[in-house]
Amino acid sequence: MTETSETQARVARRLASRHGGEKRFKFIALVAAWIGLVFLGVLLFTVIESGHTAILQTKMLLKVTLQESDLQSNDGGDRAQAIAGANYNAVLKRTMRETFPDAKSRSDKRSMYRLVSVAAPYEIREAMLEHEDPVGKTLGIWVSASDDVDLIIKGTVPRTAPADQRHLSDKQMKWLEGHESAGGVEAKFNTTFFTSGDSREPELAGILGGAVGSLYAILVCLAISFPLGVMSAVYLECFAPKNRITEFIEVNINNLAAVPSIVFGLLGLAIFLNTFMLPRSAPLVGGMVLSLLTLPTIIIAGRAAIKSVPPSVREAALALGASPIQAVFHHVLPLAMPGILTGTIIGTAGALGETAPLLMIGMVAFIVDVPTSVTDPATVLPVQIFLWSDIPEKAFAERTSAAILVLLSFVCLLNLFAVYLRKRFETRW
Amino acid sequence: MTFDPVDHMVAEATDLEHSARIGAIMNSEPGQAKGAPDAPPKMASRNLRVHYGDKQALHDVSLDIPVNQVTAFIGPSGCGKSTYLRCLNRMNDNIDICRVDGSVTLDGREIYAKDQDVVQLRTRIGMVFQKPNPFPKSIFDNVAYGPRIHGIARDREELNGIVLGSLERAGLLEEVRDRLDAPGIGLSGGQQQRLCIARAIAVRPEVILMDEPCSALDPIATERVEELIMELKAQYTIVMVTHSMQQARRVSDRTAFFHLGNLVEHGATSEVFENPRDDRTKDYVTGRIG
Amino acid sequence: MGILIAASSVAILTTVGIVLSLIFESIQFFRQIPITDFVFGLHWSPQTAIREDQVGASGAFGAIPLLVGTLLISAIALCVSGPVGLMAAIYLGEYASARFRSIVKPVLEALAGIPTVVYGFFAAIVVAPMLRNGGEAIGLDVSSESALAAGLVMGIMTIPFVSSISDDAITAVPESLKEAALGLGSTRSEAIRNVILPAALPGIAGGLLLAASRVIGETMIVVMAAGLAAKLTVNPLDAVTTVTVQIVTLLTGDQEFDSPKTLAAFALGLMLFLVTLALNVTALRIVKAYREQYD
């Protein structure tokens, strides 16, 4: 008995420090579990806080009168054409002088003209063309303010900031605030952001080019990788004999799943662009590269989905006289489809965010036009973000964050859809 | 102290001989076996109820475990004997949906008390599992595990002594003396189980719980472990769950029969097997139900 | 059936395509720049090698600074994601309530799904300035393109991956071992540290190797947050460049396809492919051997 009581005494001595160690260990593990949460929160907060202002674009109200003398001289020609061809630069300047009569000297006038965006003349023209008979009438047109004005009105840059941050002189501020108190300056919904392609001027820059480029690339990617992936999964899971070749294919697929994505870009550059001479910067090539990236994911998910269908389904079909191909394609595959689709959607979400391989095949140029086909030069949304993030102008900073929010929303929606699919079609055999 | 099942049987008894026998059992103190002096039970449970979520697995089990004897739990699969065993060293604490009500005492002290340290409790009550589960470490490190974490040995020499002593008491030392650094999982099934017993003994427990310790072993290994159990009871109190009635008859001093979560009958092993009082017990020990 | 077989061989074709194109272009490169200069050279500045009389100038295409830079940033990343991922997996598997798990697991999956360009943006715009300003405050000179900034963010990006693989490895350890440890009077942390983790170690190690492979091949975070100049240093506060950054730099710009700069990118790509291949194969072998132990 003394052996036991001595043992118990020694055990008792250590208990407190052991329980202390347990508490510490658990606490460290808890902190580790929280780190991911905290980071995600900080990331989202940063992006939302810097990007939410991009949803607005400051506009200035100008009362524009289009005079007969402004119109492009057009002997007996089309009235509309004459209106379209008018010198709107001059119209704008005249209107600005009328709006801000204080600006007298040449340098004053130059700095006053800079209150509006370089797009202003085109915006005036658009408004005129929409109107039935604009000549001689005074129209109130909201034109885009310059990006410096935009930042100040939205509050991103404080009005009292020093000159190197504010980029507006005191005189410009006076004119601006005068016009503002007269109700002529407002931050309105930034449709440009969602309807234009890229631009050197931030107030004209939008994500539509990148978004459409991404869409085309993803469509090409799916068109290639989905059929190939499903067929490979079917073959490997249902028909392939268990020999060295099959093993070799499987090893290959597992390997490709772990190859860095930039290597796929190099492959695309060397073979698709250089050997096949496909057009550079085209969503077609981007889609092809992405499809090679996504293929392993779809194959692996497909195999898992097919494997989870009980063999009795296939056996029953065969017993009823179906050929092996029919048994698989008419009976097994439909049951495996939810799992396959889930894997495909997750793969697509990943492809949507890919940047590096697309840089390799040239989708990194400055492209203004929104692409209209898969062979037009284009960029994709993540590359657009990458390009904008490098630009030092502050106005692009908010647009970069806003573009990130758009990209994250798409990725999030895709993943949520995949989760929904998985839950909805989860069958317990 | 009355035991519910016995009360029930007394109420049902119709013949005098039957009631006389029951009276004799009621008047004897639990834990008294074969002339042992009047000793309090090593462990005792009163009205122990166990629920897994909404399902009740044990109904009001009240049972004494006498000291320095082998008590066997028998009964068909799913009758709750393993569940009850695991209550004795609070292993059911690890299962979230398991709720334990009632009392279990060790040397008279409640083990489910709020101030009872489970870690300490398990140095007094050891456990051996159905499938031998040595750690993927050397034989020496397996046995030394308990003493090391509890700080039982003062120095390396003492630790060596504990390990070798435990291996000897488990009847394994001669077979592994020359390869203490070899991995524990390299031993045969029977040797692994004796290793697990040595491991449990190394922390110098007072009670050893065994959950079907031989069901994964071949007959020869089983025989060796059974011999070991009967040697060990001189120093430890042993509680054993077994699905083999023959084993219970061979090895145990007292037997408790469980059925559908109830403690149906218990007593000296010979009594339970030769003169079972309850019909269910009779059906089970004669093999009518299994 | 023939179509099915053809479809399956696309995977092989892709690997063959990758290997051939990398090797072919690299051979062209090594015709102009000796391979020993590349593998052992300590000086990387491809721009200065392009003057006509200097093509093949020794030392201008030395890849060592790139390797060191890559390893430095990767090491920082693994120092973050290894412990954090493992401890997070332990907490979620062993201590967390079902409710906590149901919140944190999706969050980790969300982290895994965030495009790397977003991580790069965060590293360059938030983390790097923060480190720089923080360093200034305590008197340290932290580059605005420090390896530390890129490495930290890369580490956080890899946490879900390490956590998931560690969780698998820990779950694969038979429950009976844990029960044995607890039955002997271990606290939960003792059971984890002394029994479960050693048993799960091969799986966890394999996971870390796979994470290393990912981190070495990662591009956007380093392109946006790490430096362009090939500085040979192990100081995490310095700006270094990596293999992937140089591949991007060499190929985004206007030059002819066959110029040494472009070819150098392929040589780097070949090196990257071989290194990640070696890591992946080793990792899978470790995990496979370990799984057999428990079957």
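In chain B of this predicted model, residues 24 or more positions apart account for 67% of the contacts with a separation of 6 or more. Chain B holds twelve helices and ten strands. Of its 290 residues, 46% are buried.

Chain B also meets chain A. Ten residues of chain A are in contact with nine residues of chain B. On the chain A side, five of these residues are charged, three are nonpolar and two are polar.

| Domain of chain A | Residues |
|---|---|
| Domain 1 | 2-52 |
| Domain 2 | 54-190 |
| Domain 3 | 208-425 |

The C-alpha centres of domain 2 and domain 3 of chain A lie 46 Å apart. Seven residues of domain 2 of chain A are in contact with seven residues of domain 3 of chain A. The side of domain 2 that touches domain 3 has four nonpolar residues, two charged residues and one polar residue.

Next, the nonpolar core. The largest one has 302 residues. The members that touch the most other members are C:I73, C:A123, C:A149, C:A150, C:V153, C:I221 and C:A225. In soluble globular proteins, nonpolar side chains tend to be buried together.

Which residues is C:I221 in contact with, leaving aside its neighbours within four places in sequence? The list runs C:T116, C:Y119, C:G120, C:A123, C:A150, C:V153, C:M154 and C:M157.

Methods. Residues are numbered from 1 along each chain as its sequence is written. Chains are lettered from A and ligands numbered from 1 in the order in which they are written. This is a predicted model: local features need pLDDT of at least 70, side-chain atom pairs count only at pLDDT 80 or more; totals for chains, interfaces and linings use all residues. Domain bounds come from an automatic or database domain assignment. Two residues are in contact if their C-beta atoms, placed from the backbone, lie within 7 Å. Ala, Val, Leu, Ile, Met, Phe, Trp, Tyr, Cys and Pro count as nonpolar, Asp, Glu, Lys and Arg as charged, and the others, Gly among them, as polar. Helices (H or I, at least four residues) and strands (E, at least two) are DSSP runs, numbered from the N terminus. A residue is buried if 20 or more other C-beta atoms lie within 10 Å of its own, exposed if 12 or fewer, and partly exposed in between; C-beta atoms are placed from the backbone. A nonpolar core is a set of buried Ala, Val, Leu, Ile, Met, Phe, Trp, Tyr and Cys residues joined through C-beta atoms within 7 Å.
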